[in-house]
Amino acid sequence: MTMDERGHMAAKFNNSKLTRIAHRKPPPKGAAADMKCSASAQAATDQKYALLFHISPFQLGNLGKFDVWTLSLPLMVTVHGSQDCDAQGAIIWHRAFASVSRSPGTTDITAVAWKDLAHVLRHKFTLFTGARRPLSDSDLNYLSEKLLLPNVPDQKPITFHRFAKQNLRDDVSFSFWEWFFSIMQLIKQKLLKFWDEGWLVGFISKQDASQSMMLSSHPTFLLRFSDTQTGAVSIGFVCEDDDGQKVPFHLAPFSIKDLDQLSLAQRIASCPQLKEIK
């Protein structure tokens with residue numbers, strides 16, 4: 001236990017681990033029978049817990065002995081790596097926007113303004129990936145387009161359901177948070193140098209990427225994150241069609257598993273359409 005110059009005490013617990021948990025009461029009979037296994041697994045990531053730290057008695061200088069206690073930040077208990085994304089989404093929302101007091105009478109924050117969520121995403125991105133290059137304003141503008149309605153000046157606050165539960169679009173089966181979380185994993189595991197060096201544009205639409213490459217005065221290619229597949233990067237370039245006209249082309253996205261077999265640098269080097277680009 002240590003004390004800083006302002007008299008604040010801090011305790012560090014080494015080698016701590018959770019050995020037992022008091023599970024919540026099961027749903028009423030009849031309701032549980034109708035739940036599918038996938039729904040049950042999902043419900044586990046909706047349950048938040050906290051650790052109670054309690055010291056009794058605690059000698060506080062000459063003031064006497066006291067019972068000292070505090071609660072940890074909210075945490076979630078998962079049993080499989082597949083639950084990590086959902087759990088982290090719920091935790092980041094709760095820690096960023098819930099009441100500090102966390103008294104029994106308070107309710108969870110269900111909706112927030114984009115500027116507040118953008119600040120959290122920028123911080124989480126740097127913390128999770130370990131990247132030196134933070135999310136830029138341009139990156140955040142692109143992310144906002146995924147959650148906000150286009151050309152609507154009076155935007156409604158973003159709900160947690162929209163952020164982490166609802167499908168990003170009608171034609172995909174993943175949420176905004178699942179898409180963003182998988183991109184952070186991709187950068188951390190496979191593309192950190194590409195991101196830090198600025199070789200990876202990443203957060204740009206296929207249409208804007210195509211336009212940017214077509215307007216370039218020199219042969220070029222562009223790396224962007226797929227928005228039809230989670231945790232995948234695509235290589236875009238300009239080629240000529242049968243009539244000799246320049247047209248943009250985007251390769252099928254590469255996932256972490258794809259890059260395990262052949263790195264992005266190796267794929268770029270072996271792509272015949274990119275050999276003439278210096």
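Aromatic pairs number 22 in this predicted model. The rule pairs rings of Phe, Tyr and Trp (its six-membered ring) whose centres lie within 6.5 Å; planes under 30 degrees apart count as stacked, over 60 as edge-to-face and the rest as tilted. Take tryptophan 93 and phenylalanine 97. Their ring centres are 5.1 Å apart and their planes stand at 70°, so this pair is edge-to-face. Both residues belong to helix H2 (residues 84-97), and being four residues apart there separates them by about one helical turn. Helices (H or I, at least four residues) and strands (E, at least two) are DSSP runs, numbered from the N terminus. Tryptophan 93 is buried at 6% relative accessible area. Phenylalanine 97 is buried too, at 15%. Buried means under 20% relative accessible area, exposed over 50%, and partly exposed in between (1.4 Å probe, protein chains only).

Residues are numbered from 1 along each chain as its sequence is written. Local features need pLDDT of at least 70, side-chain atom pairs count only at pLDDT 80 or more, totals for chains, interfaces and linings use all residues, and side-chain values use heavy atoms, with hydrogens and water left out.

Rings also meet charges. The charged end of arginine 133 sits over the ring of tryptophan 195, 3.6 Å from the ring centre. Lysine 146 places its charged end over the ring of tryptophan 179, 5.5 Å from the centre. The test is NZ of Lys or CZ of Arg within 6 Å of the ring centre and within 35 degrees of the ring normal.

Next, isoleucine 256, found in helix H8 (residues 256-261). Isoleucine 256 counts as buried because its relative accessibility is 19%. Leaving aside neighbours within four places in sequence, isoleucine 256 contacts Gln185, Leu186, Gln189, Lys190 and Gly231 (heavy atoms within 4.5 Å). Lysine 190 is 66 residues away along the chain, yet the two C-alpha atoms are separated by 7.1 Å.

Now the surface. Met1, Met3, Met9, Ile55, Leu63, Phe66 and Val68 form a nonpolar patch with about 700 Å² of accessible area together. Patch residues have over 30% relative accessible area and no salt bridge; nonpolar side chains (Val, Leu, Ile, Met, Phe, Trp, Tyr) are joined within 5 Å, like charges within 9 Å. A salt bridge is a side-chain nitrogen of Lys or Arg within 4 Å of a carboxyl oxygen of Asp or Glu. Areas come from the Shrake-Rupley method with a 1.4 Å probe; for residues, only the protein chains shown count as cover. Valine 68 lies in strand E4 (residues 65-71). At 34% relative accessibility, valine 68 is partly exposed.
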